[in-house]
Protein chains: 2
Amino acid sequence: MLKRYLPVLTWLPHYNRRQLGADLLAGIIVTVMVIPQSLAYALLAGLPAVVGLYASLLPAVLYALLGTSRTLAVGPVAIIALMTGAALSNVATPGSAAYLQAALVLSLLSGAMLVAMGLLRLGFFANFLSHPVIAGFLSSSAVLIAIGQFAHMAGISAGGYNALELLSGIIDGLPHLHWPTLAIGLGTLLFLVTSRRQARPLLTRLGLAPATAGLVARSGPVLAVVATTLLSWQLGLAERGVAVVGAVPGGLPPLTLPGFDLTLWRALLIPALLISVVGFVESISMAQMLAAKRRQRISPNQELVGLGSANLAAAFTAGMPVTGGLSRTVINDESGAQTPFAGLFAALGIGLVTLLLTPLLHHLPIATLAATITVAILTLVDIPMIRQTWRYSRSDFSAMAATILLTLAEGVEAGIITGVALSIGLFLYRTSRPHSAVVGRLPDSEHFRSIQRHETETLSHVSFLRIDESLYFANARYLEDTVLQIVAHHPGLEHVVLICSAVNLIDASALESLEAINERLNEAGVTLHLAEVKGPVMDRLKRSDFLDGLRGRVFLSPFAAWEAFKPGAVENQRA
Amino acid sequence: MLKRYLPVLTWLPHYNRRQLGADLLAGIIVTVMVIPQSLAYALLAGLPAVVGLYASLLPAVLYALLGTSRTLAVGPVAIIALMTGAALSNVATPGSAAYLQAALVLSLLSGAMLVAMGLLRLGFFANFLSHPVIAGFLSSSAVLIAIGQFAHMAGISAGGYNALELLSGIIDGLPHLHWPTLAIGLGTLLFLVTSRRQARPLLTRLGLAPATAGLVARSGPVLAVVATTLLSWQLGLAERGVAVVGAVPGGLPPLTLPGFDLTLWRALLIPALLISVVGFVESISMAQMLAAKRRQRISPNQELVGLGSANLAAAFTAGMPVTGGLSRTVINDESGAQTPFAGLFAALGIGLVTLLLTPLLHHLPIATLAATITVAILTLVDIPMIRQTWRYSRSDFSAMAATILLTLAEGVEAGIITGVALSIGLFLYRTSRPHSAVVGRLPDSEHFRSIQRHETETLSHVSFLRIDESLYFANARYLEDTVLQIVAHHPGLEHVVLICSAVNLIDASALESLEAINERLNEAGVTLHLAEVKGPVMDRLKRSDFLDGLRGRVFLSPFAAWEAFKPGAVENQRA
């Protein structure tokens with residue numbers, strides 16, 4: 001019981017020295033690798049760079065204690081940073097104290113929602129984001145981020161949270177393009193892209209073990225940060241107009257208290273919900289993938305508690321909304337992390353850097369960070385998935401396309417809300433016009449298939465109708481129309497057999513429709529029968545008056561009905 | 001083609017004298033019967049009584065020309081009047097010119113929405129109101145109206161659009177209770193209830209034909225109006241503090257133009273949508289019932305156009321939102337109306353009254369109208385439906401109960417929105433945890449049923465899993481869990497057969513999950529097969545790469561799989 005709420009208890013008793021060594025190494029590697037992106041994502045959200053470091057400390061510790069994934073790394077991530085920036089810029093001016101305060105409130109609300117959803121076991125809620133909508137949202141958000149980062153790489157100040165705002169900002173800024181900044185930005189970009197593609201095979205050929213080669217290849221951003229910082233310091237680039245990170249306050253994060261202001265809380269309620277759900281989906285997909293690889297299990301509801309607590313921690317230590325991040329988790333995993341201790345060690349490492357080494361970050365050019373983000377984020381653009389969805393289902397594709405278009409044109413919130421609403425709406429629309437088929441018997445079998453797709457035997461006075469959907473309020477009226485139309489088109493009809501093999505539910509609205517169908521068929525001299533009604537559905541029908549009013553029978557299968565009605569059958573003569 | 005958009009063309013060419021006579025009689029009866037309720041519903045919406053007459057003129061004419069029901073009578077109705085009052089009181093003060101103006105805008109928006117939905121063929125939209133939610137909404141709105149009318153009957157001024165406001169107003173007003181008003185109100189109420197119950201059997205016993213007896217019994221409200229108006233005039237009750245209708249301006253309705261004010265339009269957008277949908281559902285249910293009785297057909301999309309045009313007409317002739325009304329339609333039908341000409345004659349009759357006879361309405365006591373509404377409205381309280389829903393489905397009942405509670409506690413808008421959201425949410429929740437069953441073969445048959453409910457034969461190295469739901473984004477992850485759990489619990493398993501007889505759709509998210517399941521089963525040395533895949537689902541799977549990656553086969557039926565895998569089968573040895 002206690003283990004369920006404190007997952008740390010499941011692995012801590014068996015912890016050994018071999019694991020400690022692996023975790024320690026992974027912690028050190030993650031510390032070094034994760035600092036540049038933590039700074040960058042804070043800037044992406046319109047917050048001071050140091051907030052990214054703060055948000056990688058206590059939140060990571062809390063997730064390590066309460067989360068169920070062994071190797072998920074929690075901290076600021078790109079998409080959530082973008083959504084945070086979009087939400088905060090609606091309620092405060094970037095750079096102001098109100099903006100910082102709003103970031104705390106957003107973390108608090110989002111943390112509280114996640115914890116509440118976990119305790120109420122509402123993990124299934126995340127399922128309402130369909131895969132195509134997620135893929136579309138991530139792809140288009142990545143494009144938005146890349147456009148914004150291009151402005152930083154070119155030394156142009158272009159604000160905004162949709163493609164139109166960003167592009168018009170860039171076009172306006174082109175005359176003031178800053179060439180030294182662009183040189184650093186594009187140089188870094190080129191180096192990162194090349195090292196990402198070439199370094200790994202090269203290092204393997206030079207004799208490094210594949211795992212080590214992969215890790216060294218991933219250290220490109222660290223090398224770029226070190227090199228451009230040294231360059232910027234030596235050449236005094238800051239004085240020549242290249243934007244740098246500047247003074248980063250040293251010391252551990254201050255304790256903060258998100259203030260209560262009803263107007264602000266209301267304004268941030270929906271953004272916090274969206275950030276919670278998107279963050280949870282991103283995090284749990286990755287956690288599940290890793291768990292499957294290592295044959296471990298994660299619990300979605302406990303994950304909600306873990307991520308929620310991490311966000312609550314961010315709210316009280318000058319942080320920003322966090323979740324399980326793709327790139328930091330991959331680094332942690334590839335560095336050989338065995339348990340959440342790796343995350344604790346990384347938090348310790350980042351804590352030491354924050355305490356002692358922030359002056360080293362002063363000369364780091366913003367353009368370097370922008371190039372780092374761009375390379376990392378563009379892996380989220382999933383063209384094959386878009387192409388595959390187009391081929392497989394136009395309906396899924398339309399939801400995906402709407403998500404992409406609205407994310408680009410209006411911003412992240414409009415995009416994700418449209419995607420979810422369209423997914424649900426299209427599903428409801430589809431189930432509201434259920435597929436149904438008049439079926440016949442496959443010769444010499446007990447099997448019934450559509451008379452339009454197969455060679456079948458039929459009986460002229462009996463119609464077998466298979467309904468391929470649960471019956472509920474949205475399709476109840478459609479069912480009435482379908483049955484009455486069949487009766488209208490077959491003058492000699494005496495029996496209608498509704499085959500319910502695909503009916504998993506008959507709700508109260510559909511029950512009323514069935515009663516109406518039974519009544520109208522009786523008036524027309526036709527008897528209604530049911531066949532292959534599932535156990536749970538039958539149990540429920542027995543609780544209503546429907547079966548008392550039904551003149552026909554409930555057959556075990558369509559074949560049993562066939563036997564009863566076929567020419568020469570005793571039942572048939574009686575009927 | 002033209003007939004589809006002008007339904008009047010389908011019956012006008014065959015119109016004969018017998019029908020003309022019947023329609024004329026019905027028109028006269030409806031004129032007399034409908035005037036009291038038209039006045040009353042305008043007052044219920046916080047509008048001057050004469051607006052109710054105006055809204056029964058041109059709107060009724062337009063519906064007669066464009067609607068598809070032969071006997072539906074369109075005008076102000078109780079629930080829509082209540083919703084109108086609730087919406088308008090949020091944006092203007094009752095009695096002010098702005099309030100009248102807002103009523104026109106509300107009619108315009110609602111009319112435009114209905115016409116647009118009709119032209120876009122969105123009639124299915126109304127299906128998303130489940131029957132229990134509608135029943136709960138009508139019942140609780142009726143209670144709200146009855147409470148409000150009690151205040152009028154007692155001469156207390158209690159405003160408000162939820163039960164708390166109304167009841168506290170009544171309690172505050174009790175000390176100022178006006179006894180003469182209460183005497184008229186309760187006297188009328190008693191008379192109406194008695195005449196409703198007793199008059200019909202009494203008149204039949206006195207020798208009247210049943211139809212005539214029914215009609216005379218329904219004329220109770222007209223008698224009450226005439227009697228109390230005479231009484232009020234003779235005794236000068238208005239001077240003694242009894243509220244009367246007062247001066248009603250004579251003459252035809254003025255032409256009006258709903259002004260454009262963006263703030264007002266925005267504020268009325270959601271209320272207009274709710275009024276449109278609720279009004280459409282109320283109207284179409286009744287139209288369908290009547291059409292079935294007379295073996296006629298109605299077209300939902302053309303009904304939208306007809307009702308929408310009626311509301312547009314209301315917006316330009318000083319009216320209020322209208323729809324097909326229960327009591328006026330029943331009167332029309334029982335008076336023997338044959339075609340929409342009956343509605344035209346009634347409009348003509350009401351027009352004459354409006355033109356010439358409004359001074360007669362001066363002394364009519366409000367308490368009489370309140371008693372009339374109360375008796376009419378309480379027939380909407382559907383206790384048997386509430387009881388039946390409770391017995392049949394707790395989930396449907398919870399949506400209904402929430403609708404009732406919120407309508408009473410918060411008002412009509414909160415109630416209906418909650419009801420719809422809960423209906424959809426509960427449906428999605430149910431389908432997100434699909435029922436599935438491990439099935440076995442019924443001995444000596446080709447039939448497979450749940451091994452928990454039936455005596456079945458099974459094969460130790462094959463698991464037959466029937467999924468009882470379409471596979472889509474909300475249940476894709478659940479499916480993965482279910483299959484992997486079965487594999488984890490059966491060490492000797494070699495084959496898993498997914499029986500898709502109830503799977504009507506596999507969306508892009510579920511396709512990804514199936515691919516993941518196939519991959520994981522392969523890793524575990526288990527082969528995945530499908531059986532009984534429906535035609536349309538199979539067509540779609542062929543458009544993806546799934547079938548190429550599937551190691552197992554797609555069987556026509558579970559029995560075909562059984563034959564392939566049973567001990568001694570050639571396939572089994574190969575597998």
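Which residue takes a positive phi just after helix 3 of chain A? The residue is Gly46(A), with a phi of about 80°. The legends below describe close-up views of a predicted model.

**View 1. Helix 3 of chain A and the residue that follows.** Helix 3 of chain A covers residues 17-44, 28 residues in total. From first C-alpha to last, helix 3 reaches 39 Å, close to the 40 Å expected at 1.5 Å a residue. A bend of about 40° is found at Val34(A), and Pro36(A) follows within four residues. Just after the helix comes Gly46(A), with its positive phi.

**View 2. Helix 7 of chain A and Arg121(A).** Residues 97-119 of chain A make up helix 7, which has 23 residues. Its reach from first C-alpha to last is 33 Å, close to the expected 33 Å at 1.5 Å a residue. Arg121(A), just after this helix, takes a positive phi of about 55°.

**View 3. The open sheet of chain A.** Six strands of chain A form an open sheet with mixed pairing, in the order 4-3-5-6-7-8. Strand 4 (448-450) and strand 8 (554-555) of chain A are the edge strands; each has a single partner strand, so one side of each lacks a neighbour in the sheet.

**View 4. Strands 6 and 7 of chain A.** Strand 6 (residues 495-499) and strand 7 (residues 527-531) of chain A are paired in the parallel sense over five bridges. Ile499(A) has Ala531(A), in strand 7 of chain A, as its bridge partner.

**View 5. Helix 21 of chain A across the sheet strands.** Helix 21 of chain A, residues 476-489, lies across strand 3 (436-441), strand 5 (462-467) and strand 6 of chain A. Helix 21 runs at about 160° to strand 5 of chain A.

**View 6. The contact between chain A and chain B.** Each side is counted here: 45 residues from chain A and 45 residues from chain B. On the chain A side, the elements giving two or more residues are helix 8 (131-153), helix 18 (383-392), helix 20 (412-432), helix 22 (508-523) and helix 23 (535-541) of chain A. Helix 20 of chain A gives the most, with six residues. By class, the side of chain A that touches chain B has 15 nonpolar, 17 polar and 13 charged residues. The model scores ipTM 0.71 and pTM 0.74.

**View 7. Residues 571-575 of chain A.** Chain A has a mean pLDDT of 88, and 98% of its residues reach 70 or more. Over residues 571-575 of chain A the pLDDT is below 50. Beyond near neighbours in sequence, this stretch has nine contacts in the model.

Definitions and conventions. Residues are numbered from 1 along each chain as its sequence is written. Chains are lettered from A and ligands numbered from 1 in the order in which they are written. This is a predicted model: local features need pLDDT of at least 70, side-chain atom pairs count only at pLDDT 80 or more; totals for chains, interfaces and linings use all residues. Two residues are in contact if their C-beta atoms, placed from the backbone, lie within 7 Å. Ala, Val, Leu, Ile, Met, Phe, Trp, Tyr, Cys and Pro count as nonpolar, Asp, Glu, Lys and Arg as charged, and the others, Gly among them, as polar. pLDDT is the predictor's confidence in each residue, from 0 to 100. The expected span of a helix is 1.5 Å times one less than its number of residues. The bend at a residue is the angle between axes fitted to the seven residues ending there and the seven starting there. Two strands pair if DSSP finds at least two bridges between them. Axes are lines fitted to C-alpha atoms, for helices over the stretch in contact, and angles run from 0 to 180 degrees between N-to-C directions.
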